[in-house]
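Subject: Structure handover

Dear colleague,

Here is the structure you were to receive, with the sequence alongside.

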Amino acid sequence: MSEIKRAKPDTLTLHSYWRSSCSWRVRIALAVKGVEYKYEAVNLLKGEQKGEKYVAEKNVMKQVPSLDVGDDVLSQSLAIMEYIEEVYPGPSLLPDSAIDKAKVRELCQIIASGIQPIQNLAVIAKIAADFGEEHKPKWANYWITQGFVSLEKQLQKTAGKYCFGDQITMADACLIPQIYNANRFAVDMTQFPTIVKVKKNLDEVEVIRKAEPENMPDAQK
């Protein structure tokens, strides 16, 4: 099999929606690493992620984020963060040892696979369509709460200032947007003191605030 020739990724283009949890994770990773990129808004509410050209060229799952890297395109937020970690210098988003890396990835998967997909835009839209608009917040609140019960227990074992000790990692990039969603859907956060403590510490990191939804060019004020 011949080697695929790839152009040097002189610039990155992130296809993102301001309030997308998955896009926000990637924005945090880029911010922590200090990586510059071009921002291309994809309006999920208008269904731009389902457009024929976007699906064919950027994201077969009809989702965000997608990251243009030279002539290549990456999708899925965790894969994109892994790429950013491997390619760009700066603060590492993973600890040093293999077991500690696995523990951080475990935290990421609890959020990115076990919590967020059950309450994402497509799911709650389907809930509303099938059962009524009033069921959306109840559904999201229930599943985020259930997920946070498990996450809280895990963070009690791993957290220092942040999700894993005192190093900002990919797990923190996953946690921040999920707490935003928890607040949107009125989850009682007093049940989760470790999660709240970590978030309070992350709120003090200026570079992370640059990735917040309200600071994106497509933010709805």
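Predicted model: local features only at pLDDT ≥ 70, side-chain atom pairs only at ≥ 80, totals over all residues.

Nonpolar cores

The largest nonpolar core has 52 residues, and the members that touch the most others are F148 and I195. At least two residues each come from strand 1 (12-16), helix 1 (21-33), strand 3 (66-69), helix 3 (77-87), helix 4 (98-112), helix 6 (135-158), helix 7 (170-184) and helix 8 (193-202). Helix 7 is the biggest contributor, with eight residues. A separate core of nine residues lies apart from this one and includes Y39, L44, V64 and M216.

Which residues does I195 contact, leaving aside its neighbours within four places in sequence? They are F148, L151, E152, L155, L175, I179 and M189.

Largest pocket

The volume of the largest pocket is about 790 Å³. It is lined by 33 residues, of which L44, Q116, N120, L121 and A122 are the closest to the centre. Helix 1, helix 3, helix 4, helix 5 (121-131) and helix 7 each give two or more residues to the lining. Helix 5 has the largest share, at four residues. Sorted by class, the lining holds 15 nonpolar, 13 polar and five charged residues.

Salt bridges

Side chains of opposite charge can pair when their charged atoms come close. The count here is eight salt bridges; three of them are described below.

E85 pairs with K33, with 3.0 Å between the closest N and O atoms. E85 is in helix 3 and K33 in helix 1, 52 residues apart, so the pair links distant parts of the chain. Both partners fall under the 20% cut-off for buried: E85 has a relative accessibility of 15%, and K33 has a relative accessible area of 9%.

D68 pairs with K58, again with 3.0 Å between the closest N and O atoms. D68 is buried, at 13% relative accessible area, whereas K58 is partly exposed, at 21%.

In the third, E133 and K136 have their closest N and O atoms 2.9 Å apart. K136 is partly exposed, with a relative accessible area of 22%.

Regards

Definitions and conventions
Residues numbered from 1 in each chain as written. Heavy atoms only, no water. Core = buried A, V, L, I, M, F, W, Y, C linked by side-chain atoms within 4.5 Å. Buried < 20%, exposed > 50% of the residue type's maximum accessible area, 1.4 Å probe, protein only. Contact = heavy atoms within 4.5 Å. 1 Å grid on protein atoms, 1.4 Å probe; cavity = no way out; pocket = protein on both sides within 12 Å on 5 of 7 lines; lining within 4 Å. Points joined across faces, edges and corners; volume = space filled by probe spheres on them. Nonpolar A, V, L, I, M, F, W, Y, C, P; charged D, E, K, R; others polar. Salt bridge = Lys/Arg side-chain N within 4 Å of Asp/Glu carboxyl O.
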